[in-house]
Amino acid sequence: MPKSVIVAYALWALGGPLGLHHIYLERDSHALLWMLTLGGFGLGWVREFIRIPSYVAEANRDLEGRKRHYPPQALPPLGPVRFAGQVCVGIYFGAVALLGLNTFSFFYSAVLPLSVGAGVQLVSTAGQQTSDVKKTLTTCLITSTILYGSKLSLVPISVAASVTAAQNRRYKSARAKQDLVPRLYRLGLVWLALSAPVGYSIFHNTTATLYYLSDCLSAFLEMFWFIPWLRNVLEYILLLPYRVLCALTGGGYYDETWRKVLEILLREYTEKEREALKILLLKEEATLEDITQRYRELAKTWHPDHNPSEEAEAMFVKVHDAYQLLLRRHRPNRFK
């Protein structure tokens, strides 16, 4: 039976962010993308209100055996929306990996670039287009090696992968029609595999997740220290989800109680900070005054001018770095 525009719109309205209309139209890669990003972060779902008729017409051509045949060298149009989607989803997949899988020793060399590449490739395969997955992933691995260990490396990795995917875009080859049950089975398996890091982060790593997000936001905003007004605008936009959450749950953004809640959630020390506490011979409940006092004592003890031992200089550097790390944690504007 031919696909119906009315049914497609009904599914778009009822479960559009979960890709129900794309499953109905047999656009499985697009459906998977929507399932993992809740309709392209909501923006793609809204945009599809005017795109559904063309999707339905395309699906009906396929059902009638009138699939378009493109010359072997023909390239799909290079759209700015698809390119922006590749960059955003690549960053999103990379951020999820950073939150849930960063304990692996080979994280920055393999897990992060492959995660970003998976997000970029998923957008590349939406609709009638696809791309060369090998070249996309290779670009991710090379870029990740150049920017190894950087918290913000997922941004240039995603941009480089998106450029490579755009350069190697092509039309999909014709495929035989498949039944609904096997399609749903494969979609379910892939969705579980790709969403597992999100579940792990939410249910087993909530505090560390919030703490990392706070660090990333701070690092990003510090890049614009020389343009205060731009920094304030970006901070307002990035913290908009937090403001919405406060409004929905009855708290005000400027309510001190809600800021304290955020502070409590982010109080747990990271592994580096625990190591810094060990270097300064302090416990986790140490105050800023305790940290400063202990730093002065140890700095005086290990200063090369007062301590002639061979390990004095190295230990003095460790003490100084540990103090700076803990000092950043206690900055008054950390949670503002």
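The model is predicted, so local features need pLDDT of at least 70 and side-chain atom pairs count only at pLDDT 80 or more, while totals for chains, interfaces and linings use all residues. Residues are numbered from 1 along each chain as its sequence is written, and side-chain values use heavy atoms, with hydrogens and water left out.

Let's start with helix α1, residues 5–15, where Ala8, Trp12 and Gly15 are buried. Buried means under 20% relative accessible area, exposed over 50%, and partly exposed in between, with a 1.4 Å probe and protein chains only. Helices here are DSSP runs of H or I, at least four residues, numbered from the N terminus.

Next, His30, which lies in helix α3, residues 28–41. Is His30 buried or exposed? At 7% relative accessibility, His30 counts as buried. Leaving out residues up to four places away in sequence, His30 touches His22, Glu48, Tyr55, Ala126 and Gly127, where contact means heavy atoms within 4.5 Å.

Finally, the cores. A nonpolar core is a set of buried Ala, Val, Leu, Ile, Met, Phe, Trp, Tyr and Cys residues joined through side-chain atoms within 4.5 Å. The largest has 15 residues, and Leu280, Leu282, Ile291, Val319 and Leu326 touch the most other members. Its largest share, five residues, comes from α17.

Notes. Helix = DSSP H or I, 4+ residues; strand = E, 2+ residues; numbered from the N terminus.
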